[in-house]
Structures are given as C-alpha cells and as structure tokens.
Amino acid sequence: MTAKVVNEAEFSRIVINRVQQERPDIKVTAVGNFLLTVEAEPGRQRMVSMAGLYRAYCEYPLDRDEVIGNFLSSLVYDEPAVIRGSFAENRHKVMPQVVPPTLLDFCRRDNRELASVAFMDGLAIAFVVDEPDRYAYLHRSVAEQWGVGETDLLTAAIENLQSLDDEDSAFYQFGHGLHTTLAWETFDGYDASRVLLTRELNEMATVVPGNPVIGLPHRDYLVMFGDADPEFVSVMAERVREQFEEHSYPITPTLYTLEDGQLVPYAGAERRRPVN
C-alpha cells in the first residue's frame with residue numbers, strides 16, 4: 001500500500017488545519033513552507049520549524065497523522081521546557097513515557113534525540129522530568145551531562161511511577177461477567193505508562209475472564225479486558241483503534257496480552273486459560 005506525498009505548501013495547510021481543529025486556543029501562522037509562528041498566549045510568539053517534520057512525513061507517508069501528532073504534542077501544544085539541575089536534584093521527578101517509534105525518529109532527525117530504552121513490538125520507553133504544571137522530555141544530551149545511563153533512568157522512572165500509584169488507585173472497573181473491563185484513565189500523563197507496572201498488571205489479569213487483552217492506544221488510556229467473548233474482543237479492538245487515531249498523543253492500535261507474566265502482542269484466544 002502506498003500513499004501520495006503532498007507538496008510542502010499542502011502539507012503546511014494540513015498541519016495548520018489540524019491545530020485549528022484540535023487547539024483553537026492556539027494561533028498558528030505559516031511563514032513560508034517550513035516555519036510556523038505559534039502564539040499560545042496573546043503577544044507571546046515563537047517560531048517552530050517544520051523541516052524535520054516534512055522529511056519524516058516523506059519517509060513515512062502512511063503514518064502522516066501520527067507523525068504530525070507527535071510534532072504537535074512535543075513542539076506546538078506544549079512549549080519545550082528547559083531542564084535544570086543535576087540528576088540527583090531531578091531523580092524524584094523522572095517519569096516513564098511509552099512512545100511510538102515515529103516520535104523517536106522525529107526527534108532524532110530534528111537533532112533532539114530522546115533518552116530512551118527499547119520496550120517491545122517497536123515501542124520504546126522515553127523519559128520526562130515532571131514539573132507541577134508540565135513535563136519536559138529528557139534528551140540524550142541531558143542524560144549524558146548528568147552522567148547517567150538508561151538503566152539508571154528506567155529504575156528511577158519505574159520507582160516514581162509506582163510511588164504515584166501507591167498513593168491512590170489509578171484504575172476503575174466497569175462492565176460485568178464476560179465484559180468485565182479495567183481502565184486506567186487518570187489523565188495525569190502516565191496512564192499508558194502504567195503498563196510497565198508488571199506486578200499490578202498481572203494481579204489485575206486475574207479479574208478479567210479468559211486471556212487478558214491489553215490496549216494502550218494513547219498516552220492517557222490503558223485498558224484491560226478478557227477474551228472469553230470473541231465478539232466483545234472485536235468491539236474493544238475497534239474502540240482502541242479509534243482512540244489511537246483520534247488522540248494527540250497516539251501510541252499504538254495493537255492489542256497485547258500477558259505470557260509468562262510479560263507483555264506480548266495478542267494473537268488471539270488459541271492459548272486460552274480457564275475462564276475466571
């Protein structure tokens with residue numbers, strides 16, 4: 001399957017139209033084909049280059065909407081913040097973000113490579129420094145300045161995420177019987193990242209009937225249900241895909257399950273465990 005690659009001017013119009021639909025509170029104006037002026041507050045403008053975005057789109061034309069979404073979420077909707085201080089000063093604020101490969105590729109091409117570790121199925125775990133009113137992605141250059149590796153960052157991030165959940169339960173349950181469903185939707189920016197809390201995930205898997213099926217369509221949603229009813233799985237799979245396609249921070253439409261306690265792509269109910 002191929003997709004027609006539009007020219008720079010048309011691509012610029014597509015980007016601006018998406019901003020106007022998703023964030024009408026932000027004023028954006030094209031300057032030539034590769035620059036945007038962004039005015040999130042009256043009288044406060046900044047320039048954002050779309051050159052790297054267009055190159056990424058040309059390489060991944062079928063992923064156009066996802067590539068644009070990554071660009072908007074990281075550079076337009078949230079103004080990049082400056083991370084100050086040492087690792088010791090920031091360790092308690094480091095949090096994990098499960099991200100799609102297109103975000104890593106885009107940042108790398110824009111000379112803003114993120115500190116990250118490979119996760120599974122092409123996804124990765126990036127890191128952010130969480131502040132009271134926003135968070136900033138941690139770039140590899142900052143991690144190098146700190147003198148820390150990905151293992152140190154991952155350890156701190158998982159500990160901090162677990163501490164966040166220890167304070168208050170992050171999931172809720174709805175439906176019953178074969179349609180029992182668990183959802184993580186706190187909108188704290190780390191709902192999908194809770195898929196990294198393996199112990200909690202395996203404990204919750206005992207609640208749903210059949211094999212656990214897990215979706216993380218975007219940053220602010222994680223869902224688990226059972227596959228005892230194939231028709232319900234189809235309905236939920238479509239909902240996951242819709243959420244992936246409609247959100248500004250998409251991750252993946254793929255469904256996953258737990259195998260030997262570890263997250264793997266869901267291939268169907270062939271290896272069914274007894275229904276709960």
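Which order do the three strands of the open sheet take, and is their pairing parallel or antiparallel? The order is β1-β2-β3, and the pairing is antiparallel. Strands here are DSSP E runs of at least two residues, helices are H or I runs of at least four, and both are numbered from the N terminus. Two strands pair if DSSP finds at least two bridges between them. β1 (27-31) and β3 (44-49) sit at the edges, each pairing on one side only. From one strand to the next, the twist averages 25°.

Before going further, a word on the source: this is a predicted model, where local features need pLDDT of at least 70 and side-chain atom pairs count only at pLDDT 80 or more, while totals for chains, interfaces and linings use all residues. Residues are numbered from 1 along each chain as its sequence is written, and side-chain values use heavy atoms, with hydrogens and water left out.

## β1, β2 and the helix across them

β1 and β2 (residues 35-41) run antiparallel and are joined by five bridges. Helix α1 (residues 8-22) lies across β1 and β2, and runs at about 175° to β1. For such angles, axes are lines fitted to C-alpha atoms (for helices, over the stretch in contact), and the values run from 0 to 180 degrees between N-to-C directions.

Nonpolar side chains tend to be buried together in soluble globular proteins. In this model the largest nonpolar core has 38 residues, and F11, V15, L53, F71, L72 and Y137 have the most contacts inside it. A core here is a set of buried Ala, Val, Leu, Ile, Met, Phe, Trp, Tyr and Cys residues joined through side-chain atoms within 4.5 Å. Buried means under 20% relative accessible area, exposed means over 50%, and partly exposed is in between (1.4 Å probe, protein chains only). At least two core residues come from each of α1, β2, α2 (51-59), α3 (64-76), β4 (94-99), α5 (101-109), β6 (124-131) and β7 (134-137). α3 gives the largest share, six residues.

Take V15: leaving out residues up to four places away in sequence, V15 touches L36, M50, L53, I68, F71 and L72, where contact means heavy atoms within 4.5 Å. Another core, of 36 residues, lies apart from the largest one, and includes M120, V129, V195 and V208.

## Around α5

Which residues of α5 are buried? They are T102, L103, L104, D105, F106 and C107. Their cover includes α2, α3, β4, β5 (116-118), β6 and β7. Just after α5, N111 takes a positive phi of about 60°.

## Two aspartates with positive phi

D121 sits in the loop between β5 and β6. Its phi is near 55°, positive although D121 is a residue other than glycine. With a relative accessible area of 43%, D121 is partly exposed.

D260 has a phi near 55° too, again a positive value in a residue other than glycine. D260 belongs to the loop between β12 (255-259) and β13 (262-265), and counts as exposed at 78% relative accessibility.

## A buried loop tyrosine

Y249 is in the loop between α9 (230-246) and β12. Is Y249 buried or exposed? Y249 counts as buried because its relative accessibility is 15%. Beyond its neighbours within four places in sequence, Y249 contacts S73, D78, H218 and R219. S73 is 176 residues from Y249 in sequence, yet their C-alpha atoms are 6.6 Å apart.
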